[in-house]
Amino acid sequence: MVSDVIEQDERFLGILDRLTTKSVDDYYNPYKLFEWPDSLPERMWWMSPELTTTYGTEVAERLSQEQLYALSRYESINFYSLNVHGIRELLIEVTRRIHTSGFETPSEFFHHFIGEENEHMWFFAEFCLRYGGKIYRQPGGAAAEIPRSGVESLLVFARILIFEELVDHFNARMAADERLDGTIRALNRIHHQDESRHIAFGRELVTALFRKVRESSGEQELKEIADYIRRYMTFSFESLYNPQVYRDAGLADPIGLRRELLDSPQRAEAERNVFRKTSRFLEKTGIIR
Ligand SMILES: [Fe+2]
Ligand SMILES: [Fe+2]
């Protein structure tokens, strides 16, 4: 079903070809690429302050510079932990589909995608374990469940795209942030470079899958898809607010703090900001209204 869509789509085929060639040309050995110093300085930002969950809030005003640094350190470990979990999930889904009926055409690209994501998961996990001593547990929640239905592949690839665009918003900014340590910037820069290909592919595939789903779905089903996608975006964004992070940074009442931050006007603005381009894309294709 999917391959029919892609096979007839000259534009998509051209893009797929170009992205695959670029994957081959840009290939690097991640196991040799990074320096991995024994430790990173503690008295500095580990995450751009504007990207931390307390930025601009009353909570941040109550904290010392020391606490803000510590918080940015744990939030950065949480961010890379979310990457590890997100990548594991997307690898499972893409691996389930490669070389199966409907996915013949993108299978060549999937090989690069799977290989690159395996390496991303390695360097993110490495960072967490070396400099944080752990990987934070995966957040739970109903929105993480993928309903089994005819639109499953659309939802799977829309989720992958949303996850990759969310992460990329952070990667692009941290790669360019001179306040951060070189190791942190390099990690973000390399990931951003690979993800620009994955996102370009994801947008094409999601567009093609949705076109097909729209042909055979009623108004109610399309509304349910839109609702699901919106819930998933909110769920993904809220996973940045991890009470265990606040606990590790030594802040009182981590659960209450999380609630306060999620309810703050700064959160709404940050969420809009992070998903600005993603929302525009999803609206333009008609997936969300
Ligand atoms: Fe990745
Ligand atoms: Fe990716």
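How far apart are the iron ion (ligand 1) and the iron ion (ligand 2), and which residue coordinates both? They are 3.3 Å apart, and Glu 117 is the residue that coordinates both.

Before you click around: this is a predicted model, where local features need pLDDT of at least 70 and side-chain atom pairs count only at pLDDT 80 or more, while totals for chains, interfaces and linings use all residues. Residues are numbered from 1 along each chain as its sequence is written, chains are lettered from A and ligands numbered from 1 in the order in which they are written, and side-chain values use heavy atoms, with hydrogens and water left out.

**Stop 1: ligand 1.** Select the iron ion (ligand 1) and show its protein donors: Glu 117 (OE), His 120 (ND1), His 191 (NE2) and Glu 195 (OE), lying 2.2 to 2.4 Å from it. Donors here are N, O and S atoms within 2.8 Å of the metal (3.2 Å for Na, K and Ca); water is not among the atoms, so sites may look incomplete. Along the chain, the spacing reads E-x2-H-x70-H-x3-E.

**Stop 2: helix α6.** Now pick Glu 117 and His 120, which both sit in helix α6, three residues apart, about one turn of the helix. Helices are DSSP runs (H or I, at least four residues), numbered from the N terminus. His 120 is buried, at 0% relative accessible area; buried means under 20% (1.4 Å probe, protein chains only).

Stop 3: His 198 counts as buried, with 1% relative accessibility.

**Stop 4: Asn 171.** Next, select Asn 171 in helix α7. What does Asn 171 touch, not counting residues up to four places away in sequence? Look for Phe 79, Asn 188, His 191 and His 192, where contact means heavy atoms within 4.5 Å.

**Stop 5: the core.** Finish with the largest nonpolar core, which has 93 residues. Such a core is a set of buried Ala, Val, Leu, Ile, Met, Phe, Trp, Tyr and Cys residues joined through side-chain atoms within 4.5 Å. Helix α7 (residues 152-175) gives the largest share, 13 residues.

Notes:
Buried means under 20% relative accessible area, exposed over 50%, partly exposed in between (1.4 Å probe, protein chains only). Helices (H or I, at least four residues) and strands (E, at least two) are DSSP runs, numbered from the N terminus.
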